Amino acid sequence: MQLSQIPTPVYVIDEDKLIKNLEILAGVQERTGCKILLAQKAFSCYHFYPLIAKFLAGATASGLYEAKLAHDEMGGENHVFCPAYLESEFGEITEICDHIVFNSVAQVKKFALLAKGRSLGLRINPEHSTQSSAIYDPCAKGSRLGVTKAAFSEDVLSFLDGFHIHTLCEQGAEDMISTVRAFEKNFGQYFKKLKWLNLGGGHHITKEGYNIPLLESEIKRLSDKYSVQIYLEPGEAIALNAGYLYTKVLEIVHNDIDIAILDTSAECHMPDVLEMPYRPPLKDSGEAGEKKYTYRLSSRTCLAGDVIGDYSFDKPLKCGDTLRFDDMAIYSMVKNNTFNGMPLPAIAKVKNGEYSIIKTFGYADFKGRLS
């Protein structure tokens, strides 16, 4: 198929770029002996799980359903972390997960004996913030994620094989190292009693300019010094810049500024635009006023604030034009919704310039979420 034959809105996964990212991550594994897991919270397009399994050690989940998806579609190691497990789900989790990470001393004591034969871990809060946005900072004051030094109790060590930290978000190796130093300062005395350390996600390993040698030297230092297996679980790095969201211009109105109404939605199809917020990259566009023609890009939902952002173009937009938002493989698909009855975008892939549809959605998908 050609791109023009695929109805919009549509997420398109670029398989060639996905493979390039996976090759970079596989190289880190090979050179350091670490194991890298797919964090499904960022990318859960399971059509590609068999491909990802050829490069990575497995996947990590945030609860039962993600764990089941990895178990059913990917294979390899299956890790799970949840701030609080449900008793009704824990039995099934122990059946399908190799590694189970707890968020508190109390959760370890409650569930550890029910998870015999599984490798158990505890999430640690190293109390070292490296980012400015509190919503994405697990080390922010009052955070519920991870055990602080003051809340730790040595009597759970007998149940544990590993410690887990996750504090980064789209960050480089330098922030990882400063976090590990704080981790070691507060908990390093216990590392030699463990089998593994999981350094979590947020590592932008496949981003241009990321200091991979620095990352690798730190992984080797930790594994050599403490004789532990090192895990990383990036999500964004696996599908970074490997997906697009194509959308069409449906209408253009004017109210102080020209406003293009699209067949996609920030609220429904890229909710991080409103939650973070951030301005998604748009191919062949500029900042407002940078190019000759500026438009506010918005949606056909009834939410007044459903605005993607202001962009400028070399030529005026017209109804029927197709626009391409970049870096849309990560988070967009796993967080999208059908608010206002908006249809979910189709999912497609491109490989060697050829397009094919993986899945489409319709009214049944909207209705099935309701009752």
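Predicted model: local features only at pLDDT ≥ 70, side-chain atom pairs only at ≥ 80, totals over all residues.

Tutor: Two packed helices are described by the angle between their axes and the distance between the axes. Take helix α1, residues 15–32, and helix α7, residues 212–226: their axes come within 10 Å and cross at roughly 35°. The crossing of α1 and α7 is right-handed. On the α1 side, I24, G27, V28, R31 and T32 make the contact, and they meet I212, L215, E216, I219 and K220 of α7. By type, the residues of this contact comprise five nonpolar, two polar and three charged.

Now to the nonpolar cores. The largest one has 95 residues, and F43, I52, I100, F163, L297 and F325 are those with the most contacts inside it. Helix α6, residues 173–187, supplies the largest share of this core, with six residues. Zooming in on I100, and leaving aside neighbours within four places in sequence, you will find it in contact with V80, Y85, F90, I93, T94, A115, R118, S119, L120 and G121. Another core, of nine residues, lies apart from the largest one and includes V10, A346, A348 and Y355.

Finally, look at Y46, in the loop between β2 (35–39) and α2 (49–53). Y46 has a relative accessible area of 39%, so it counts as partly exposed. Beyond its neighbours within four places in sequence, Y46 is in contact with L69, E73 and K359.

Conventions. Residues numbered from 1 in each chain as written. Heavy atoms only, no water. Axes fitted to C-alpha atoms, helices over the stretch in contact; angles between N-to-C directions. Helix = DSSP H or I, 4+ residues; strand = E, 2+ residues; numbered from the N terminus. Left-handed = near helix turned anticlockwise from the far one by under 90°. Contact = heavy atoms within 4.5 Å. Nonpolar A, V, L, I, M, F, W, Y, C, P; charged D, E, K, R; others polar. Core = buried A, V, L, I, M, F, W, Y, C linked by side-chain atoms within 4.5 Å. Buried < 20%, exposed > 50% of the residue type's maximum accessible area, 1.4 Å probe, protein only.
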